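Look at the strands before reading on.

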Amino acid sequence: MIKAILIFNNHGKPRLIRFYQYFAEDMQQQIIRETFHLVSKRDDNVCNFLEGGSYFEVLIGGSDYKLIYRHYATLYFVFCVDSSESELGILDLIQVHYILQEVVMGGMVLETNMNEIVAQVELQNRMEKSEGGLSTAPARAVSAVKNMNLPEIPRNINIGDINIKVPSLSPF
């Protein structure tokens, strides 16, 4: 059984929150914060399932619960479910939510052509795979800067009566 659906951005700001079990407002906020903290610190290359543990016992009230999530671009889609739910079935459901984003944005229908929608989803998937995730971004950035053809840095800058000596910078 699905206990909650949480969608938030990369900064933890909730975009869609649905609880299917009663929790007080302050408890809901704590669940959102803790869930964001758990999934946002995980690498994009690891499993999309988090099972049991003290988090579930304290906040949700049972150890047979699990978080099933997927990170797309700037959004986290998180489902809190009990052990009777299929992990792969929930991941398929998350994919449907992602596709729905391609169709409707801000209450406006963006696209109704199924071929175009599927093409955009496939393009996004290819881009995510080719980028190698955020973990390789710093290395790619350093590599790009190294390969830039920059002119030599001036060693002395003269502005009127002001003479500035620029220290030598070590190469990358």
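Strand S1 (residues 2-9) pairs with strand S5 (residues 75-82) in the antiparallel sense, over seven bridges. Asn9 has Leu75 of S5 as its bridge partner. Strands pair here if DSSP finds at least two bridges between them; helices (H or I, at least four residues) and strands (E, at least two) are DSSP runs, numbered from the N terminus.

This is a predicted model: local features need pLDDT of at least 70, side-chain atom pairs count only at pLDDT 80 or more, and totals for chains, interfaces and linings use all residues. Residues are numbered from 1 along each chain as its sequence is written, and side-chain values use heavy atoms, without hydrogens and water.

The open sheet has five strands in the order S2-S1-S5-S4-S3, with antiparallel pairing. Strand S2 (14-19) and strand S3 (49-51) are the edge strands; each pairs on one side only.

| Antiparallel pair | Bridges |
|---|---|
| S3 and S4 | three bridges |
| S4 and S5 | eight bridges |

Glu51 stands opposite Lys66 in S4. His71 has Tyr76 of S5 as its bridge partner. Two residues lie between the strands in the hairpin of S4 and S5, where Ala73 takes a positive phi near 45 degrees. Seven of the eight residues of S4 are buried, so S4 is largely enclosed by the rest of the structure. Buried means under 20% relative accessible area (1.4 Å probe, protein chains only).

Lys3 sits in strand S1. Lys3 is buried but has no salt bridge; Asp82, the nearest side chain of opposite charge, is 4.6 Å away. A salt bridge needs a side-chain nitrogen of Lys or Arg within 4 Å of a carboxyl oxygen of Asp or Glu.

Notes: Buried < 20%, exposed > 50% of the residue type's maximum accessible area, 1.4 Å probe, protein only. Lys, Arg positive; Asp, Glu negative; His and termini not counted.
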